[in-house]
Amino acid sequence: MKAGQSAGFTLIELLVVLVLLAIAMGLALPPLMQASERGRLQRATDETYARLRQAHTQAFTRNETVILDLRDTIRDGGPEISLHPPTDKYPRVIFYPDGSASPAQLVLSQGGQRRIIKIDWLTGNAERIE
């Protein structure tokens with residue numbers, strides 16, 4: 001080392017490293033965000049499916065009609081839920097004591113991804129389609 005020089009990095013070297021880190025983060029961030037959205041959609045689908053099965057079981061074992069309000073499933077930042085055919089007031093599925101249910105197909109969507117849960121009207125069973 002020459003006299004008057006210090007052992008360290010120059011401002012140019014630090015800026016180059018920061019630019020390279022910014023580029024790497026820019027390339028890595030979109031796939032991480034998509035994975036996060038897919039995870040939220042899958043969790044919401046799993047939760048909705050479990051609630052449907054629980055309501056079906058409850059209607060049959062307690063011998064009473066159970067109305068499952070799907071508005072509780074919709075949260076800020078969570079997926080959108082659409083019900084086909086649409087119900088009058090709010091998205092809901094009705095399970096009857098004989099094991100049957102109102103016919104419905106739930107579509108959960110977020111970030112271009114979607115999951116479908118179909119409820120068979122005769123048996124009341126929920127099935128994941130996608």
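Arg92 is buried, with a relative accessible area of 19%, where buried means under 20%, exposed means over 50% and partly exposed is anything in between (1.4 Å probe, protein chains only). Its place is in strand 3, residues 92-95; strands here are DSSP runs of E with at least two residues, helices are H or I runs of at least four, and both are numbered from the N terminus. Leaving out residues up to four places away in sequence, Arg92 touches Ile67, Leu68, Asp69, Leu70, Leu83 and Thr87, a contact being heavy atoms within 4.5 Å.

A quick word on ground rules: this is a predicted model, with local features needing pLDDT of at least 70 and side-chain atom pairs counting only at pLDDT 80 or more, while totals for chains, interfaces and linings use all residues. Residues are numbered from 1 along each chain as its sequence is written, and side-chain values use heavy atoms, with hydrogens and water left out.

**Overall layout**

- The protein has one helix and six strands, and along the sequence they run α-β-β-β-β-β-β.
- Of its 130 residues, 28% count as buried.
- Take the contacts in the protein with a separation of 6 or more: 49% of them come from residues 24 or more positions apart.
- The accessible surface comes to about 9,000 Å², and carbon and sulfur atoms own 58% of that; the areas come from the Shrake-Rupley method with a 1.4 Å probe, and for residues only the protein chains shown count as cover.

**Charges around Arg128**

- The structure holds one salt bridge, meaning a side-chain nitrogen of Lys or Arg within 4 Å of a carboxyl oxygen of Asp or Glu.
- The partners are Asp46 and Arg128, whose closest N and O atoms are 2.9 Å apart.
- That pair ties together distant parts of the chain, with Asp46 in helix 1 and Arg128 in strand 6 (residues 126-128), 82 residues apart.
- Both ends count as partly exposed: Asp46 has 31% relative accessibility, and Arg128 has a relative accessible area of 39%.
- Arg128 also puts its charged end over the ring of Tyr49, 4.1 Å from the ring centre; the rule asks for NZ of Lys or CZ of Arg within 6 Å of the ring centre and within 35 degrees of the ring normal.

**Helix 1 and its surface**

- Ile12, Val16, Val19, Leu20, Ile23 and Leu27 make up a nonpolar patch on the surface, with about 620 Å² of accessible area together.
- Patch members need over 30% relative accessible area and no salt bridge; nonpolar side chains (Val, Leu, Ile, Met, Phe, Trp, Tyr) are joined within 5 Å, like charges within 9 Å.

**Backbone details to look at**

- His84 and Pro85 are joined by a cis peptide bond, with omega about -5 degrees.
- Pro85 is found in the loop between strand 2 (80-84) and strand 3.
- Asn63 has a positive phi, near 55 degrees, in a residue other than glycine.
- Asn63 lies in the loop between helix 1 and strand 1 (66-69), and it is exposed, with a relative accessible area of 58%.
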